[in-house]
Amino acid sequence: MEIAAEATELRPSPPDKPPRKRHRVVLKYPVVRQLVRFTGVGVVCTGSSLAIYALLRPWIDPQLANAVALILTSLMNTALNRRLTFKITGRKKRTQDHLSGVIVICIALIITGGSLGVLHLLRPEATVTEELWTTTLSGFVATAVRFTLLRHWIFRRARHV
């Protein structure tokens, strides 16, 4: 009987394990958290931009299709990064942030439009697929420039969130 009693006896639960800190160590730096959120916004905006470009390209010039796609998605990108990446809410300085974002759009247009220009200079018969690859690869450079400008210029008031 004692054995059965011992088997049903409540035993103390094991001590709580400390939570995993592997991700917290890296995420303790504001720039890392911002890069993670910025990447998420970038994936959505890049996919949207490529889709708009691919839809417009059969009917209009590659430079114009690139400009329209970038302008439409850059407005969305600035709004999403303002809210999600840099945690800025409210209307204060929103117009100023978007106007500053226009300069960043122009820089992105120069980078991606320049890469398309070089592609067509080297390969005048380039396909839409090649154009998409070119704008995607040059978009990575434009993205690095965009993050730097957003973090250190436009949204510098929220660099540590």
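I began with the inside of helix 3 and listed its buried residues: Pro30, Gln34, Phe38, Val41, Gly42, Cys45, Ser49 and Tyr53. A reminder to myself before going on: this is a predicted model.

Next I asked which helices the buried residues of helix 3 pack against. They pack against helix 4 (62-85), helix 5 (94-122) and helix 6 (128-154). I also checked the length of helix 3, which covers residues 30-56 and has 27 residues. From its first C-alpha to its last it reaches 38 Å, close to the 39 Å expected at 1.5 Å a residue.

**The whole chain**

Then I stepped back to look at the fold. I counted 6 helices and 0 strands in the chain, and read along the sequence the pattern is α-α-α-α-α-α. The chain has 161 residues, and 31% of them count as buried. I looked up contacts as well: among those with a separation of 6 or more, 71% come from residues 24 or more positions apart.

**Helix 5 with helix 6**

How are helix 5 and helix 6 oriented to each other, roughly parallel or roughly antiparallel? I found a packing angle of about 150° for helix 5 and helix 6, with their axes 9 Å apart. Angles over 145 degrees count as roughly antiparallel, so helix 5 and helix 6 are roughly antiparallel to each other. I noted their crossing as right-handed. Sorted by class, the contact of helix 5 with helix 6 has 13 nonpolar, 9 polar and 4 charged residues.

**Thr46**

Is Thr46 buried or partly exposed? Its relative accessibility is 36%, so Thr46 counts as partly exposed. I then looked across to Gly139, which is 93 residues from Thr46 along the chain. The C-alpha atoms of Thr46 and Gly139 are separated by 8.2 Å.

**Two lysines in a loop**

My last stop was the loop between helix 4 and helix 5, where I found Lys87 and also Lys93. I checked the backbone of each. Lys87 has a positive phi of about 55° although it is not a glycine. Lys93, not a glycine either, has a positive phi of about 65°.

For accessibility, I noted a relative accessible area of 47% for Lys87, which makes it partly exposed. Lys93 comes out at 41% relative accessibility and therefore counts as partly exposed.

How values were computed. Residues are numbered from 1 along each chain as its sequence is written. This is a predicted model: local features need pLDDT of at least 70, side-chain atom pairs count only at pLDDT 80 or more; totals for chains, interfaces and linings use all residues. Side-chain values use heavy atoms; hydrogens and water are left out. Helices (H or I, at least four residues) and strands (E, at least two) are DSSP runs, numbered from the N terminus. The expected span of a helix is 1.5 Å times one less than its number of residues. Buried means under 20% relative accessible area, exposed over 50%, partly exposed in between (1.4 Å probe, protein chains only). Contact means heavy atoms within 4.5 Å. Axes are lines fitted to C-alpha atoms, for helices over the stretch in contact, and angles run from 0 to 180 degrees between N-to-C directions. Angles under 35 degrees count as roughly parallel, over 145 as roughly antiparallel, 65 to 115 as roughly perpendicular and the rest as oblique. A crossing is left-handed if the near helix is turned anticlockwise from the far one by less than a right angle, and right-handed if clockwise. Ala, Val, Leu, Ile, Met, Phe, Trp, Tyr, Cys and Pro count as nonpolar, Asp, Glu, Lys and Arg as charged, and the others, Gly among them, as polar.
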